[in-house]
Amino acid sequence: MLREWSGTVVPRCVSWMFDSAVWTLPGDSVRPRIALTFDDGPEPGVTERILSTLARHRVPAAFFMLGRNVQRHPDLVRRVADAGHVIGNHSDTHLDGWRVRTSNLLTDFDRGADALAGILGHPPHWMRPPYGHFTLPLIAWCRRQRQRMVMWDVAPPDYCPGVLQRDVRQSLDRWLRPGSIVLLHDNAASGAVTPALLDDYLPRLRDAGWDFAPLPDSEQTAPSWRAAA
C-alpha cells in the first residue's frame, strides 16, 4: 500500500534532518526491541481492549491522545495512566499542520495539552503531530512547552477502511527492525483489527526474541536545544 510505504520509508529517509524528534529507540539493548504507540484515542471499546491485551502480555506502550477525546472520556485517560503507559499530546482536534494556519495549529496543541494536564495533574512531556505533519513553528512550540516530539519508522495500515489483520501483520513482518517505533491506532477505524491482532502477534514476537520497551526518558534523549532553552 502507498500509505504504508510512505509512512515507513519516508520517515526513515528524513529522520536525520530533524533530530529534535524521536524516531527510533536507542540501540543499547542486547535483544532487539520495539516501542508500540497508539494515536487518536481514547476510544471506548477500543482503548480498553488494547489495555487488556498489553496487560496480559506485559507490554508497555505510549498513547497519543486527542484533547476532544480526553475531555469526553477522562476515566479512560486515567486507566491508561494507572496502567503505567506513556501519555502524549496529539493536539485537540487532529488538524493537519500542512493545511492550516500556524496560529490555529499551535492553539490546537495548547488545547490538547491543557486537556491532558487537567486530568493528569501535569503537562504532557511528549507530543506527536497528526499525520506526522510537523512544521518549524511547531518544533519551536515543542521547545517552549518542553514537549518532545515522537515520530515513528513503522506505520502499518490499521486505520485504513477494509484492512484485514493479515495486512497489518504482513506490514509489521516486512518493516520491523531493532529500535522501531511502531505507529498504531486506538480509534474507531482500527477497533476491528488492532486489538485482536496484538493478542496474537505480541507473543509471536516474544517467541522470536523481540522485547518491548517504553519510550526513552525525555530528558535523556533531549536534543541540544533542550539544555540551551
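Is Phe 134 buried or exposed? Phe 134 is buried, with a relative accessible area of 12%; buried means under 20%, exposed over 50% and partly exposed in between, with a 1.4 Å probe and protein chains only. This is a predicted model, in which local features need pLDDT of at least 70 and side-chain atom pairs count only at pLDDT 80 or more, while totals for chains, interfaces and linings use all residues. Residues are numbered from 1 along each chain as its sequence is written, and side-chain values use heavy atoms, with hydrogens and water left out.

**View 1. Phe 18 and Phe 134 form an edge-to-face aromatic pair.** Rings of Phe, Tyr and Trp (its six-membered ring) pair if their centres lie within 6.5 Å; planes under 30 degrees apart are stacked, over 60 edge-to-face and the rest tilted. Here the centres are 4.9 Å apart and the planes at 80°. Phe 18 lies in the loop between helix H1 (2-14) and strand E1 (21-22), and Phe 134 in the loop between strand E5 (126-127) and helix H6 (136-145), so the pair ties together parts 116 residues apart in sequence. Helices (H or I, at least four residues) and strands (E, at least two) are DSSP runs, numbered from the N terminus. Phe 18 is partly exposed, at 26% relative accessibility.

**View 2. Trp 23 also pairs with Phe 134.** The ring centres are 6.4 Å apart and the planes at 70°, so this pair is edge-to-face. Phe 18, Trp 23 and Phe 134 form one aromatic cluster.

**View 3. Thr 53 lies in helix H2 (residues 47-57).** Thr 53 is buried, at 3% relative accessibility. Its contacts (heavy atoms within 4.5 Å) include Pro 195 and Leu 202, not counting residues up to four places away in sequence.
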